[in-house]
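Thank you all for coming. Please take a moment to look at the sequence and the model before I begin with the salt bridges and then turn to the strands around them.

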Amino acid sequence: MERTLTATGLTMPGAMYAKSYAVKPRPPTAKMSPATWYNHFTTRGHVGPVTCIATNADSSIVVTGGVDFSVRVWWHCPVHDAYRLVVVLNVDVPADQLEHAKEALKFCNRLNGMLVPTPIDWERKTPHGVTAVRPLCVKDPKTNMFRNGPILCGTGHGSLHVLDMSELPQKAPTVKMWRDVHSGAINGICEIVKKIEGGVVEFVVVTVSNDKTSCMFRLTTSATQRPTLIPTHKMENSFIYRWFLGGGGRREIAEELATRQDYHEKTCLRFESMVPDGEPKKWNDPVNYVMGLRAEAEDYLVVLAGLTKDGLHLLNMHGKVLHILRANSKRAKHLNSETGEIEYREVKCHTHHNVELSITNKKEERDGKIIYKEQVLIFVLGQGTLGEKEDHGFIAVWGLEDGVLGRLDPSGRLVFPAAKDSVADGAHVEPFCVYEDHIFEGSFGDHFEVDKSGPTCSFAVRLMPDRVTASVRRWAMASMAQMVVQPEHPANMLVNPGEDKTLLTWSHKSPVCSFHVHDDNGAALFSACENGCVYRFDLQGVDKGQVYDELRSLTMSELVVPPLVLLITSLQLLEFAFGPPLASDKDKDAPYYATSVQHVTVCGVDLYERFGYSFLQYSIEEMFWPKAKAVLYIMAFYVAIVIAGLDEVMDGLVSKAIDASCFTSRQAKRLVVSAARAAQGIVYLFIQLCSTVLVVPMLKILAGSFGCVEHGGELVVRSAPDLVCLGGAHLKLLFVTLLIAPCFLFLLVPFATVAGDASFVPSECVFEWKAWEKNNPWKQAAARKATTMHLAFMSRTPKFAFLTLFVELVGKIMTPIGAELLITKPMAQMMLVATTNFVMWFTTVLYAPYVDHRFCVFVQDIKLMIFLASLTGIYTVALNDPDSSAPTIALIAVVGLVLLGLIVKMCSVDTERPVAVRVDAIVDSPERRGDAKNNGIERSPLLGA
């Protein structure tokens, strides 16, 4: 019996211990309130550890499951080049935990949790939550494109859910739920494509559990047309669209988007049915992992691989064990790095922890037909005796080809016997090589992944026992493209044990619960962490080890800081657009507007004259040296931090604090970790402030220190009339400034073009100044910052991120320096300010700074208003009449016209509404989980809710 549920907006006992994502299904044209926007950004990630993660074949869909009893489906949006949350599934909550979940959702408890946050004990009942996820995907043999199918989800209490998203985005997804498929946690789910006939695709689905059983099902799907999830953008060639409706640069984006739309298959697989395929298979031990290969009808070909602590069991299509692979070897080859000679040592494994497969399809031509050989490398992570090392870790390797297990011949070659001769029920086959687990440090971690990005397995990723530090080991000799003769099997590419080397080591922000290696135009790694976040790391190229995708909720600062920085920067530049105050006749003999007492002004408004408070005026002579010294100290400290790589040092300090095992209590460790993170946050905040909102005021103060005017027959500093220009102390100030300021301005560029986020600028890329090169690290960092997270209307256009931010930085440098140094020449000053503002506005017109069309128009009109205000400043200087009201009227007219045009534009262009649909599959009453006999239902492995 099965139960079908649809998306709902009702308040139900959602994710345990946590607030559930509560967004009702809505049509694409529905308006979103600010509360909905806030809810989407702050609750789209998991609450608590992310226990499992999986992707489809092309990584366009990522599925994550957590201890909060929720499954989240993330879709890679080509427009933003970032992952966007599309579906949240709240799975079935066990009866013994349901009341606690209801209690946690009460208003008083929620309010108390917000005011006084308390640590959540996620280990209260293990295993719990969602423990396994698997998106089904098949490659269309005709179009050679991938078709996405239903998503399978297993829980810690043995329930199985099938999520069907075939009708998104027009209709909400549906979920079918089967309870008590297993009596324990579902540890793994795999699928095998059994049959493709027309539009019907049949899968064989296998689930394994802690209850020492595995179940096999036949799942049937049918092909259906689905509207694309990629938003369409109307492109026009008209003059008005390009120059006044934010269309600049969007045609290139649209053309690139069209190619991506052609790549994504519009045909998906709709769930039809799922029925048991035979009785559950019993095992001697809990099954920890299961993996599927290509479907083979013959009984003597390997199709499935299931791992227990006793070894890896290779099974055929009917569940019969063909081989049991144990990581034992009497003569495991090893290269002695000191002597350079091959040695042999004995390997005895007492526990098998993990298994990974690297599968490639080799194209061959036989009798005029193209066939594909399925070549597999099997890697088993074990623990035992390795030579003279006891209780050590190692990785054993076997080879498969078209379901046949390979063996070493006397010459050391890997050969594959005839299929029928390869089977010996339960027979032991030694691995052809065994690699030492170099990260073994007295404790053991079972997190292990291998390269799946190419025709050969070139590296392995291991997680240290601390579950924070990851390491990449190189295994392959070279790429196949570099070889004269192509190898018969990927095993021929592996180096001897002992010749493998560490390529990369990096630390995570939180302990890792699960990870997954995939191919994204190169190898990449998804890491699911305890803090509810999922990070994707690049494992190849110049930016290897860097995060370039984050699947998580946003913090309050991440929501507030970008608009706030935009507002502050606009006000700072707008202050220079009104021109200098006009001099009266009595002041013409004094240093140009340098009176001993200055008034605080904002956007040309004298606040002292308006309000009369004494604190709104100050003596410039007394403030000259403190301000100049403070600016130079800040610049020098910034340069020292960047050159020394203090941000990376603080990252390492936080990692060491998390890894430390010397603390006597958890509270002491939590305190030390909090202190390290606070210090890290201070360094990051200092870099961000110096490269964003402090640029204009610091340069204004520094440039004002060198504005010299003639007074009393000698040159004096305009902002300090008692200080002789270029003499004595002022000459020393000039020397120090010329020493520090150029270094500061140079080091601003890589950080300002990533909005001040130091995590995107590794120390080795700070001095890569050749920005005109295609793969320049500065440009890649800016693009990576723009695409790391889906920020909806705040997402920058990746292609133009570096250019637009660089031009803005140049404008923020030129405007205060030019305005202060040319203050004695008002017309030249305003011409420079107006030209700079025009360049900044024109750049946003030619190259759209933001992906969202409406927000891009808003930013462009802000720049336009600043430019037009600077034109009124030129008119004010040309008029040279302090008593005239014409400049004020012109300014009001300009602002009014821009605001009116902005309103018209905002109504004429579209914006994206990132709404995720919630699906509840939760039993909201313990009575519903009563004995099935009371309802007249016969209990079975597929008993429905």
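Let me start with a term: a salt bridge is a side-chain nitrogen of Lys or Arg within 4 Å of a carboxyl oxygen of Asp or Glu. By this rule the count comes to 14 salt bridges. What we are looking at is a predicted model, where local features need pLDDT of at least 70 and side-chain atom pairs count only at pLDDT 80 or more, while totals for chains, interfaces and linings use all residues. Residues are numbered from 1 along each chain as its sequence is written, and side-chain values use heavy atoms, with hydrogens and water left out.

One of these salt bridges joins the side chains of Arg 536 and Asp 549, at 2.5 Å from N to O. Arg 536 sits in strand E33 and Asp 549 in strand E34, 13 residues apart, where strands (E, at least two residues) are DSSP runs, numbered from the N terminus. Buried means under 20% relative accessible area, exposed over 50%, and partly exposed in between, with a 1.4 Å probe and protein chains only. Arg 536 counts as buried because its relative accessibility is 3%, and Asp 549 likewise counts as buried, at 2%.

The two strands, E33 (residues 534–538) and E34, pair in the antiparallel sense over four bridges; two strands pair if DSSP finds at least two bridges between them. Tyr 535 has Glu 550 in E34 as its bridge partner, and Glu 550 is also linked with Arg 552 and Glu 558 in a network of salt bridges.
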